[in-house]
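User: Please take me through this model, and set each term against its definition as you go.

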Amino acid sequence: MARTTPHDHPQTDEQPLYRRIATELLGELRDGTVPPGERLPGERQLAVHFGVSRETVRQALEVLRREGLVATDRRGSHATLSGPPVEHPTSLTFPVGARRTADPRAVDRATVTWETPPPEHAEALGLALHRPTLMHRYESTGADGRGLRRAVTSFSAVALAEVEELARYRDRADGTASAQLRRAYDWMRRAGLTLHHRDAITPLADTPSVRVTRLVHDQYARPLEFTDLVVDAQPNALVYEFTLPAAV
């Protein structure tokens with residue numbers, strides 16, 4: 001849908017404009033553009049996004065609040081509806097190494113920061129040295145403290161420019177709030193990107209752990225993200241590549 005400037009459109013039917021905006025916003029919540037529990041953009045951003053006034057956005061949010069689909073607390077408004085299933089299930093998870101099924105006994109933590117990535121990440125993503133970017137950190141351990149997994153992901157300037165859902169995290173990348181980006185690859189595909197993955201898995205010397213590095217680039221060979229994972233396991237070393245088409 002094309003977006004215009006933040007002014008109310010002329011009404012073409014009997015349905016109030018704010019209710020139409022509420023319906024559009026609900027559609028975006030249901031398709032995972034804003035995952036359940038995540039904070040919504042502010043009223044000003046939503047007004048620009050939908051091409052209406054802030055008052056219209058305020059009324060639309062109130063409709064969704066009354067229906068229990070949006071809640072507001074000191075962090076702002078956030079979605080409360082259940083998350084939809086992924087349209088095209090794949091074997092990929094974000095980040096690489098993330099646990100596929102929820103284990104109530106596992107301890108998981110994921111946050112985002114805006115900072116200068118490690119030199120290896122910057123080189124892989126074509127970032128200038130000392131240029132900050134969005135970074136995601138994931139850590140998971142079993143209930144017994146074993147099976148530790150630590151993944152650090154850096155996103156490229158291309159990913160942040162073309163994937164709106166990722167760009168939204170810049171303003172809240174303080175390293176404190178939880179940031180589960182499980183749908184990151186789906187967001188990229190919905191942005192029209194074909195994802196090419198290259199994962200390298202190698203044992204770490206003198207440890208029971210293995211290191212996995214993942215580089216993802218698009219159909220134009222532009223890098224999108226680089227992940228460095230260390231996991232408490234030791235399979236044979238291998239390198240494999242595969243492609244995930246853009247969503248249609």
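Analyst: A nonpolar core is a set of buried Ala, Val, Leu, Ile, Met, Phe, Trp, Tyr and Cys residues joined through side-chain atoms within 4.5 Å, where buried means under 20% relative accessible area with a 1.4 Å probe, protein chains only. The model is predicted, so local features need pLDDT of at least 70 and side-chain atom pairs count only at pLDDT 80 or more, whereas totals for chains, interfaces and linings use all residues. Residues are numbered from 1 along each chain as its sequence is written, and side-chain values use heavy atoms, with hydrogens and water left out.

User: Which residues of the largest nonpolar core touch the most other members?

Analyst: Among its 20 residues they are Phe155, Leu166, Leu181 and Met188.

User: What makes the span of helix H3 agree with expectation?

Analyst: The expected span is 1.5 Å times one less than the number of residues; for the 13 residues of H3 (residues 54-66) this should come to 18 Å, and because the end C-alpha atoms are 18 Å apart, the two agree.

User: Why are the buried residues of H3 said to line one face?

Analyst: Thr56, Val57, Ala60, Leu61, Val63 and Leu64 are the buried residues of H3. The arc is taken from the directions from the helix axis to the C-beta atoms; seen down the axis of H3, its buried residues fall within 150 degrees, so they line one face. Glycine 68, with a positive phi near 75 degrees, follows H3.

Terms used:
Buried < 20%, exposed > 50% of the residue type's maximum accessible area, 1.4 Å probe, protein only. Helix = DSSP H or I, 4+ residues; strand = E, 2+ residues; numbered from the N terminus.
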